[in-house]
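Here is a walk through one protein model, a few residues at a time. Keep the viewer open and follow along.

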Amino acid sequence: QPDEGATDCLKCIPGKFQSQRGLINCTDCAVGRASLTEERESECDVCMEGQYQRDKSATTCLKCIPGKFQNLNASSNCNECKVNSYQKDPGSKSCQPCPKNTYTDKKSGATDCFLCPAGKSGASCSKCPSGWYRGDEDQTCLGCHIGKYSSERGSHFCLKCPAGYHMNDTKAHTC
């Protein structure tokens, strides 16, 4: 109660608390905490993993949006998923690594991973080496078969050796 001579004490509103008697105001919920309770007598509730609250006097904790996570309690923000990791669900505690032969199209904060384009493979979608290829349907880079070659890195397919040339080794880059 801030007024002298008042006959009643005022209730602390949601987002505030007071744990002592005889004071003139209520205390704001701290950043990373929130409370919907009226007349709260103890510190506000902690925002749990996957949640945050950046404002004082908050009544609710907010869920991290897809592409972000929070693995700590009482946080004031969420962290972005790192490169080649993602998170689709709101309120997440962690990000998932992209599966093999997929990548993220953003530097960070991705909500999905995409299949590496033909000619590329691996966690970072690196170009297949010379003598190797990866088509749209292949899971990894494959070595060219006998009688075929790929002279460039990142080939989508192997070429047949021209007439008059041969190659009797696999994974060759010339005939």
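## Asparagine 168, out in the open

Asparagine 168 is exposed, with a relative accessible area of 63%. (Exposed means over 50% relative accessible area, buried means under 20%, and partly exposed is in between, using a 1.4 Å probe and protein chains only.) Look for asparagine 168 in the segment after β18 (159–160); strands here are DSSP runs of E with at least two residues, and helices are runs of H or I with at least four residues, numbered from the N terminus. The C-alpha atom of asparagine 168 sits 5.4 Å from that of isoleucine 146, although 22 residues separate the two along the chain.

A word on the ground rules: this is a predicted model, where local features need pLDDT of at least 70, side-chain atom pairs count only at pLDDT 80 or more, and totals for chains, interfaces and linings use all residues. Residues are numbered from 1 along each chain as its sequence is written, and side-chain values use heavy atoms, with hydrogens and water left out.

## The disulfides

How many disulfides does a search of the whole structure find? The count is ten, taking a disulfide as a pair of cysteine sulfur atoms within 2.5 Å.

Start with cysteine 47 and cysteine 61, which form a disulfide with their sulfur atoms 2.1 Å apart. The torsion about their S-S bond is about -85°, so this disulfide is left-handed. Cysteine 47 lies in the loop between β4 (45–46) and β5 (51–52), and cysteine 61 in the loop between β5 and β6 (62–63), so the pair ties together parts that are 14 residues apart in sequence. Cysteine 47 is buried at 0% relative accessible area, whereas cysteine 61 counts as partly exposed at 22%.

Cysteine 64 is joined to cysteine 78 by a disulfide, S to S 2.0 Å. The S-S torsion of cysteine 64 and cysteine 78 is about -85°, so this link is left-handed. Cysteine 64 is in the loop between β6 and β7 (68–69) and cysteine 78 in the loop between β7 and β8 (79–80), so parts 14 residues apart in sequence get tied together. Both cysteine 64 and cysteine 78 are buried.

Then there's the disulfide from cysteine 81 to cysteine 95, with an S to S distance of 2.0 Å. This link is left-handed, with -80° about the S-S bond. Here distant parts of the chain are linked: cysteine 81 is in the loop between β8 and β9 (85–86) and cysteine 95 in the loop between β9 and β10 (96–97), 14 residues apart. Cysteine 81 and cysteine 95 are both buried. Cysteine 9 is exposed, at 70% relative accessible area.

## Serine 92

Serine 92 is also in the loop between β9 and β10. Serine 92 is buried, with a relative accessible area of 9%. Its side chain makes a polar contact with the side chain of glutamine 87 at 3.2 Å. (A polar contact is a pair of N or O atoms within 3.5 Å; within protein, one must be able to donate a hydrogen and the other to accept it, and residues adjacent in sequence count only if both atoms are side-chain atoms.) Leaving aside neighbours within four places in sequence, serine 92 is in contact (heavy atoms within 4.5 Å) with Gly50, Lys68, Phe69, Gln70 and Gln87.

## Arginine 134

Arginine 134 lies in the loop between β15 (132–133) and β16 (142–143).
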